[in-house]
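Here's a quick tour of a fold, strand by strand and then helix by helix. Have the viewer open as you read.

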Amino acid sequence: MIALLNGEIVHIAGDRAVINVAGVGYAVRATPNTLAGLRLGRTVLLHTTLIVREDALTLYGFLEPDERDLFELLQTASGVGPRLAQAALAVHQPEKVRRAIASGDTATLTRIPGVGKKGAQRLVLELKDKVGFVPGTVPEQVNGKRPAGWRTQVSQGIQALGWSAKDAEAAIARLDTEGVDEADVPSLLKQAIRLLGKK
């Protein structure tokens, strides 16, 4: 795996740059933010990740290791490939993406091109335990007594059992006013199902 390139920038065009490392030119895809910081003829150190496909080997380059790490992390979520992960970094700083995932801020995540409401909920559900604690985040809670991300998880659980997204939203709204505090997600899901049964 190629994890780092240190060489002269010999070409910049579109979504990629070519870096000359010891006489070998490496084509590296990068976000507009990264490309804007590059200058022809200058030496650059890029943190890279290599994506292997049946028909191609593609290098993606980043000025900071945190960007590369988040790029790789995002792709561990179902339905997220290199293009979507790169779009996230083109729109938001890595810390902002991590904070949005950690705090269940789906509104920020849906600003990423190609990420809808369900996609944002899936990112939170699948990655919030992987991003770890992000300084400055305030977990999503009710009166400080419910687990972070409970609304997303309960909504997905309800829909997986055959109810609509509208039903899930209604049940969560009722949980906000009628549900028991200090409950874990499975308990909250049971409460939501019970409330839906009363409809």
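Two strands are said to pair if DSSP finds at least two bridges between them. Keep in mind that this is a predicted model.

## The barrel

Let's start with the strands. Five of them make a closed barrel in the order E1-E2-E3-E5-E4, and the pairing is mixed. Ignoring direction, neighbouring strands of this sheet are turned by 55° against each other on average. As a reminder, strands of a sheet pair through backbone hydrogen bonds, either parallel or antiparallel.

Where does the parallel pairing come in? E3 and E5 are the pair to look at: they run parallel and share two bridges. Within that pairing, valine 28 has leucine 59 of E5 as its bridge partner.

## Antiparallel neighbours and hairpins

E1 is joined to E2 (residues 16-21) by five bridges, with the two strands antiparallel. One of the pairs puts alanine 13 with arginine 16 in E2. The two strands form a hairpin with two residues between them, and glycine 14 in the turn has a positive phi of about 60°. On from there, E2 pairs with E3 (residues 24-29) through six bridges, again in the antiparallel sense; valine 18 is bridged to alanine 27 in E3. The hairpin of E2 and E3 also has two residues between the strands, and there alanine 22 takes a positive phi near 55°.

E4 (residues 43-52) has pairings with E1 and E5. With E1 (residues 4-13), E4 runs antiparallel and is joined by five bridges, and leucine 5 stands opposite leucine 46 in E4. With E5 (residues 57-62), E4 is antiparallel too, over six bridges. There, threonine 48 has glycine 61 of E5 as its bridge partner.

Helix H2 (residues 65-74) lies across E4 and E5, running at about 10° to E4.

Glutamine 86 is worth a click as well; you'll find this residue in helix H3 (residues 82-91). Is glutamine 86 buried or exposed? With a relative accessible area of 15%, glutamine 86 counts as buried, because the cut-off is under 20%. Setting aside neighbours within four places in sequence, glutamine 86 is in contact with Arg29, Ala30, Thr31, Tyr60 and Phe71.

Now for some helix packing. The axes of H7 (residues 150-160) and H8 come within 9 Å and cross at roughly 135°, which makes H7 oblique to H8. The crossing of H7 past H8 is right-handed. From H7, the contact uses Trp150, Arg151, Val154, Ser155, Ile158 and Gln159, and these meet Ala165, Ala168, Ala171, Ile172, Leu175 and Asp176 in H8. Sorted by class, the contact of H7 with H8 has eight nonpolar, two polar and two charged residues.

H8 (residues 165-178) also packs on H9 (residues 185-197), at an angle of about 110° and with the axes 9 Å apart. That makes H8 roughly perpendicular to H9. On the H8 side the contact is made by Asp167, Ala171, Arg174, Leu175 and Glu178, and on the H9 side by Leu188, Gln191, Ala192, Leu195 and Leu196. How do the residues of the contact of H8 with H9 divide, and what are the counts? There are six nonpolar, one polar and three charged.

Note on methods: Residues numbered from 1 in each chain as written. Predicted model: local features only at pLDDT ≥ 70, side-chain atom pairs only at ≥ 80, totals over all residues. Heavy atoms only, no water. Axes fitted to C-alpha atoms, helices over the stretch in contact; angles between N-to-C directions. Helix = DSSP H or I, 4+ residues; strand = E, 2+ residues; numbered from the N terminus. Parallel < 35°, antiparallel > 145°, perpendicular 65-115°, else oblique. Contact = heavy atoms within 4.5 Å. Nonpolar A, V, L, I, M, F, W, Y, C, P; charged D, E, K, R; others polar. Left-handed = near helix turned anticlockwise from the far one by under 90°. Buried < 20%, exposed > 50% of the residue type's maximum accessible area, 1.4 Å probe, protein only.
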